[in-house]
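Me: I'd like to learn how to read helices and their packing in a model. Could you walk me through it?

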Amino acid sequence: MATILYRLGRWAFLRRRLMALFWVALLATAGVLAAKAPAAPDDGFAMPGTEAQQAFDLMDERFPGAMADGASARLVFVAPSGQKITATANQQAVERTVAELAHAEQVTSAVSPFQAGAVSRDGSTAYATVGYEAKPGKLTTSATDALEQAAQHGRDAGLTVEIGGTALQAEPEAGGSTEAVGMALSAVVLVITFGSLAAAGLPLLTALVGVGLGIAGITALGSTLGLSSTTSTLAMMLGLAVGIDYAVFIISRYRAELADGHEPREAAGRAVGTAGSAVVFAGLTVVIALAGLSVVGIPVLAKMGLAAAGTVVVAVLVALTLVPAMLGFLGRRVLPRRSAARRGFGGARTRGLRRARNAPAGSAPTANGAGIPDAQPVNGGARWARLVLRRPVAVLLAGVFGLGILAVPALDLRLGLPGDESQPTSTTQRRAYDLLSDGFGPGFNGPLTVLVDAKGVADPKGAAERIGRTVAGLPGVVSASPPMFNKTGDTAMINAVPSTGPSAAETKDLVHAIRDRADGLKTATGATVLVSGATAMNIDVSQKLTDALVPYLAVVVGLAVLLLLVVFRSVLVPLKAALGFLLSVAAALGAVVAVFQWGWLADLIGVDQTGPVMSVMPIFLVGVVFGLAMDYEVFLVTRIREAYVHGEEPGEAIVTGFRHYARVVTAAAFIMISVFAGFIGMNESMIKMMGLGLAAAVAFDAFVVRMAIVPAALALLGRRAWWLPRPLERILPDIDVEGARLNTRVPEPEPEPVRHSVGV
C-alpha cells in the first residue's frame with residue numbers, strides 16, 4: 001500500500017494544478033446540485049420495534065388527520081396574584097387568545113381550557129392545547145409568530161402566559177458561531193505547532209473543502225436517499241475534525257522528509273506513502289464506527305452515521321490527493337521561518353540523522369538497557385517517552401487507576417430523553433413546564449396515552465371503560481380520562497396522568513405496570529392495550545439503546561480489532577488499543593454523569609436542571625470517540641512500529657515515535673477538544689452534554705491513554721508487543737503501512753520543474 005500511495009502523492013504533487021482544479025470543480029458541481037435539489041424529507045423520530053411506535057402508527061391509521069406525532073403547544077395561563085383564572089375578565093382574556101389561535105396557519109385544533117376542564121383545583125392556572133398539522137420543528141415562521149403574538153396578547157391583558165409543548169421546537173443547530181470559535185482556536189494551535197502560517201492554513205483549507213463537499217453531497221442526495229437535514233450535523237462536526245487531523249499528519253511527515261534532505265516531490269510521495277497509509281486505516285476505523293450505528297435499529301442514528309461516514313471518506317481522499325497537490329504550490333514554505341540550519345533541515349547533520357535512523361538494530365548508542373537513544377536530538381515528546389520508559393509500571397498504574405476513578409460515577413448512569421425540564425429557566429418552555437407542575441402536579445407534563453384496539457370486539461365501549469378503570473386504579477396514576485373513540489368506534493384513547501415527572505423512575509415503572517396487565521386485559525375484554533405518548537416513547541428509546549449497546553460494541557470493536565491486526569501485524573497491540581478506548585469512554589461517561597446527573601460544576605457550564613443522561617449518549621460516545629481514538633492509535637503506534645521495523649530496539653522505537661508524532665498528536669487533540677468544547681456553551685442541554693462528553697473523551701484518550709498508557713504498555717511488553725502467531729503471519733496480508741519498501745527502492749528521478757511553480 002505504501003508504494004501505491006507514494007506514487008499517488010508524487011503524481012498529485014506534480015499535477016497539482018489539475019488536482020486542485022478537479023476538487024474545485026467537484027465542490028462547485030456538488031454545490032449546484034445541492035442548491036437545485038428538492039427539499040429534504042422529514043424523517044421524524046421513528047422507533048421501529050417499540051410498543052410506543054406501534055401505537056403511534058395505529059393512531060395515525062385509526063384517527064386519520066389527528067397527527068399523533070404532530071406538533072402541539074400548551075398555552076399556560078396563570079391569573080394575577082390573589083385572583084382566579086375563572087374570573088370574568090381573566091376568562092375572557094383566555095378565550096380571546098385561544099380564539100385568535102384557532103384561525104392561525106397550520107393549526108388543526110385549539111381547545112379552550114374551560115371547555116376541556118383544564119383548570120387547576122385552586123383555580124389559579126389553566127392551559128389550552130393547540131394542535132398543528134406539521135411535525136415538531138417544521139412549523140412555518142408565520143405559525144410560530146402567531147403563537148407568540150397570541151401569548152403576548154394574553155400578557156397584555158394582565159395574565160402570565162407561557163408556551164410549552166413542541167410547537168416552538170427548532171431544528172437541531174449545526175453549530176454556527178461555535179464552529180467559528182473552534183476553527184479560530186484550531187488555527188492558533190496549528191500556528192503554534194507548525195510555526196508557519198502556510199502550514200497552519202493548509203489543514204483548515206483542505207478540511208473546509210472536504211466538509212463542504214460532504215454536506216453538499218448530503219443535501220443533493222437528500223430526497224433520493226431519504227436524508228433529512230439532521231443527518232448533516234454529525235457529518236459536519238466529524239468531517240471538520242478528521243479533515244484537519246489527516247492533513248496535519250501528512251504535512252508533519254512532509255516536513256520531516258524535507259528535514260531528512262529529500263526534495264519536495266520525493267518528500268510529498270514519502271509523506272503520503274507513510275502517513276497517508278495511516279490516514280487510510282484511521283479513516284477506516286472511523287467509518288466502521290459510524291456505519292456500525294446502523295445495527296442500533298434507529299433510522300435517524302443510522303442515517304447520521306452513514307452520512308458522517310461518507311464525509312470521512314471524502315476527508316481521506318482529500319488528504320491523499322489535494323493535500324500533496326497544495327504542498328506542490330507551497331513547497332518549502334511550510335517550514336518555519338527560523339533558520340533551517342537551526343532546525344536541522346538539510347546538510348550533513350540531516351543526512352547523518354537519516355543514516356542513524358536506518359541503521360541496523362543495536363548500532364545506535366543508547367543510554368541504558370531499555371534502548372533509549374542518546375545520540376539523536378530530543379524534544380518534549382522524546383523526553384516524555386524516556387520518562388515513561390524509566391517508570392512504565394508507575395505510569396501504567398497511575399493512568400488506569402486515574403481513569404477508573406473518573407469512571408466511577410458512570411455506575412450510577414440513568415438514561416432518558418430530556419424534555420422541557422432540562423431547558424434553561426430563561427426559556428418559555430421551561431417556565432410553562434414549571435407552571436404546569438405547580439398547578440397540576442409533576443406528572444402532568446408527561447401524560448401516558450393508553451390506546452385500546454377493540455376492533456372485532458363485541459362491546460368496544462365496555463372493554464375500553466373497563467381498561468380505563470383498571471388504569472385509573474393503578475398506584476401512581478393521578479387521573480385517567482374517559483375513553484375517546486375514533487369515528488368507527490373500534491379504537492379508543494385514554495390519557496393517564498402519572499403522579500411523578502416524565503423522567504422519574506416511578507413513571508417508568510408505571511409504564512411497565514400497565515403493559516404487564518395488557519395480556520390479562522386482552523383475555524378479559526378481547527381488546528389490545530398499547531401504551532404510548534412522548535413519555536412512553538422516551539422510555540422505549542432508552543431501553544432500545546441500552547439493549548443495543550453491547551451488540552454495537554461487539555460489532556464495532558471486533559471489526560476494528562481485526563483491522564488493526566492487519567495494520568500492526570500484532571495481537572496484543574489491537575487488544576491494548578481497544579481496552580484503552582473503553583477506559584477513556586467510561587471516564588467520559590463518568591464526567592457526564594457527575595455534571596448532568598449529580599450536578600457537580602453544573603452552574604459553571606450553565607446546567608439549570610440535573611436529570612437522566614441523554615439515552616443516545618453512550619452509543620454516540622462509543623461510535624464517535626472510538627473512531628477518533630483509533631486515529632491517534634494508528635498514527636502514533638504506526639510511527640513506533642515503523643522505527644521498530646527499520647531496526648530500532650523496542651524502547652528506542654517508542655522514543656522515535658514520540659519524537660516525531662507526540663507534538664502533532666497533542667495539537668490534533670487540542671483542536672478536537674476546542675471544537676467539541678465550544679458546544680458546551682449552547683443553550684440546549686443535549687448539545688451541552690454532547691460537547692462535554694466528546695471533549696472529555698478526546699482529552700482522556702489522547703493525553704492519558706495514548707500519551708501515557710500506550711508507551712508504558714509497549715515498554716513492558718517489549719518485543720512481545722509485535723508478536724504474531726505464525727499461522728496468522730501466513731494468512732494476514734503484508735500491506736506495508738510503515739513504508740519499509742520505500743527505503744529499499746531506488747528513488748525516481750526528479751522531473752524538470754514545472755514552470756511558474758511556487759517554492760519548489
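This is a predicted model: local features need pLDDT of at least 70, side-chain atom pairs count only at pLDDT 80 or more; totals for chains, interfaces and linings use all residues.

Me: How long should helix H21 be, and what is the distance between its end C-alpha atoms?

Reply: Helices (H or I, at least four residues) are DSSP runs, numbered from the N terminus. The expected span is 1.5 Å times one less than the number of residues. For H21, residues 534-568, the 35 residues should span 51 Å, and the end C-alpha atoms lie 48 Å apart, which agrees.

Me: Where does H21 bend?

Reply: A bend is the angle between axes fitted to the seven residues ending at a residue and the seven starting there. H21 bends by about 35 degrees at Leu549, with Pro551 following within four residues. Just after the helix, Arg569 has a positive phi of about 50 degrees.

Me: At what angle do H11 and H21 pack?

Reply: Axes are lines fitted to C-alpha atoms, for helices over the stretch in contact, and angles run from 0 to 180 degrees between N-to-C directions. H11 (residues 264-291) packs on H21 at about 165 degrees, the axes being 9 Å apart. That makes the pair roughly antiparallel; the cut-offs are under 35 degrees for roughly parallel, over 145 for roughly antiparallel, 65 to 115 for roughly perpendicular, and oblique for the rest.

Me: Which residues of H11 and H21 meet?

Reply: Contact means heavy atoms within 4.5 Å. Among them, Phe281, Leu284 and Ile288 are on the H11 side, and Tyr552, Val556 and Leu559 on the H21 side. By class, this contact has 10 nonpolar, 1 polar and no charged residues. Ala, Val, Leu, Ile, Met, Phe, Trp, Tyr, Cys and Pro count as nonpolar, Asp, Glu, Lys and Arg as charged, and the others, Gly among them, as polar.

Me: How are H10 and H12 oriented to each other?

Reply: H10 (residues 232-259) and H12 (residues 299-330) have axes that come within 8 Å and cross at roughly 25 degrees, so they are roughly parallel. Their contact has 17 nonpolar, 3 polar and no charged residues.

Definitions and conventions. Residues are numbered from 1 along each chain as its sequence is written. Side-chain values use heavy atoms; hydrogens and water are left out. Helices (H or I, at least four residues) and strands (E, at least two) are DSSP runs, numbered from the N terminus.
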